Structures are given as C-alpha cells and as structure tokens.
Amino acid sequence: MVQLGLIGLGKMGFNMRERLRAAGHEVVGYDRNPDVTDTSSLEDLVSKLDAPRIVWIMVPAGEPTRQTVTELGNLLAEGDMVIDGGNSKYTDDKLNADLLAAKNIGYVDCGVSGGVWGKDNGYGLMVGGTAADVERAMPIFDALRPEGPREEGFSHAGDVGAGHYAKMIHNGIEYGMMQAFAEGFELLEAAKVVNDVPAVIKGWQRGTVVRSWLLDLLVRALDEDPELDDLEGYVEDSGEGRWTLEEAINNAVPAPVISAALFARFASRQEHSSAMRAVAALRNQFGGHAVKKVGG
C-alpha cells in the first residue's frame, strides 16, 4: 500500500482517486469543490501525509500548475516528491523540477491518457524523471495503468520533460486520427449510394485495419445520435496539437496530417469565415460561379 496526496479531483482526478483506492492505496485528495475534497487546503493535505510524501497534481496546465508546484515547494520537505499528471507543456517541467530540486524534492512528469474511461480501463502513462524517482512511484503507476504487460500501458520515456513530450506527440496523433474518422463520416453521409452510415462504421469494429478505441467511441456516439444532429460542429483544442506542430517546425519534421487536423478545428469555430468569403469572391470573379449573399 502506498500513500498519495492527489490535487485536482475533476473528471480524471476523481476517477484516478477511485481506481487507486480500489487497488488498496491510501489517497488523500484536495479540490476546491467541497463536495469531492478530502481536505480543506494544501496545508491540510500535506499534514495528513506521512514523510517521505508523494503528491500528484491534476490541475490545468500553465499558471495553475506552476502556482501549485510553487506552493508545494513551500510546504513539502526534503525527500518528498511531486508528480505532475496534467497536460503541462514539457518545457515547464524543467522549471518545476529545478524549483523543487533546490529543496531536495523530487519531480516526475506524467502524461496520462484514458479520459473518463480510465477508472475502469486503466490509463496509458508516459513518464519522465530519474530512474529512482520513477521506481519509487511504480506502485502508483501500476495501479493506474491498464491490466496486462507493463510495457504496453506504461513507458519511462526519459528524463524530466520526456513524459509530457511523449503525451504531446500522442495527442497530436490523436488529432489526425479523429479528423480522418470525421472526414470519413462526412463522406459516407454525403454519398447517395450508402443508406446506413452508422451500420457501416459499426461494421469496421472487427477485422478491419481501422478498428480502434476511437472508432468504438464514434460508434457509441452514433448509437446515441445516428446523425449527430444534437451537436454543433465546434471543436476546441487543448494545446498539445499546437505544441506538436511547434516541435515539428523546430525539428524540420513534416506533419501535414496533424497540421490539417488542427486547422480544421480552427475552421470549426468560424461561423462566418473571412477566408471562405474570399474564396467565394475569387471563384465568382474568375469563373462567374454562383455565390450566396448574406441574408439572401
């Protein structure tokens, strides 16, 4: 049994706490939401943990994570360890690690994949840090990862920053895969020869080279709403897709699929696209193609 402090009990953090407890570990959680928290403050959380402590952070990337790490640096003691399991940019990890290292507090970054299904299915984990720190936290990682061989659901990607870097690339790939499924769905809907689009997509779940968990989730969505009419085609991005493209540029690695998928998300947010108005105007100018006037 391992004792763990867990900060951030949102959709993923809450389920991670439940999975860890089901595996027999003691988890003391803190969240600003009084309905889910186990403690009243970070100070209270730290006081409830036995030294040497391990504290896992699951808060939004950027300033919320930096503030949490800074506060923990003032509360924890030599020999304690912090794990950042959020979607932080990998360049933030060295800053966090250096801040804590000045007080001899360990630091591990952990990319976590699995979403709201992780409680039952387990989470794919990608970690960065020293071998000693990673080994110390291995009972936690083993409880969170899926059942089966460790190397199929967990990777020690490298030194500090490598875990979040690996998760960033993972999410960039995810963007491309999701966009491919989405475009296939739209083509099937547009084709007059196909009468039952959900049946076609469901039929891909076994024996085909595109079968995957993402496909299973698309089938689930279509079971609930066969034409997806209940949704608006507005898609946010959480940051990793942009960071992946920055890395592609910095390393001169072509990434046309991921870039197209990210730009498609940008396009989804434009109710009235200036770019597409310009395309329509050009087509009308050089070819006399019909245009739709606003309010017409």
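First, my terms: I count two strands as paired if DSSP finds at least two bridges between them. Helices (H or I, at least four residues) and strands (E, at least two) are DSSP runs, numbered from the N terminus. This is a predicted model, in which local features need pLDDT of at least 70 and side-chain atom pairs count only at pLDDT 80 or more, while totals for chains, interfaces and linings use all residues. Residues are numbered from 1 along each chain as its sequence is written, and side-chain values use heavy atoms, with hydrogens and water left out.

**Entry 1: the sheet**

I looked up the strand order and found an open, mixed sheet of seven strands, S2-S1-S3-S4-S5-S6-S7. Strands S2 (26–30) and S7 (154–158) are at the edges with a single partner strand each, so one side of each has no neighbour in the sheet. On average, neighbouring strands are turned by 25° against each other, direction ignored; I took axes as lines fitted to C-alpha atoms, for helices over the stretch in contact, with angles from 0 to 180 degrees between N-to-C directions.

**Entry 2: around S4**

Which strands flank S4? On one hand, S3 (residues 54–57) runs parallel to S4 and is joined to S4 by four bridges; on the other, four bridges join S4 to S5 (residues 106–113), also parallel. I noted Trp56 opposite Ile83 of S4, and Gly106 of S5 as the bridge partner of Met81.

Next I followed the chain from S3 through helix H3 (residues 63–75) to S4, a right-handed β-α-β crossover (clockwise from the first strand over the helix to the second, with the strands pointing away from the viewer). S4, helix H4 (residues 90–101) and S5 form a right-handed β-α-β unit.

Are the faces of S4 buried or exposed? Both are covered: Met81 and Ile83 on one side, Val82 and Asp84 on the other, are all buried (under 20% relative accessible area, 1.4 Å probe, protein chains only).

Key
Buried means under 20% relative accessible area, exposed over 50%, partly exposed in between (1.4 Å probe, protein chains only).
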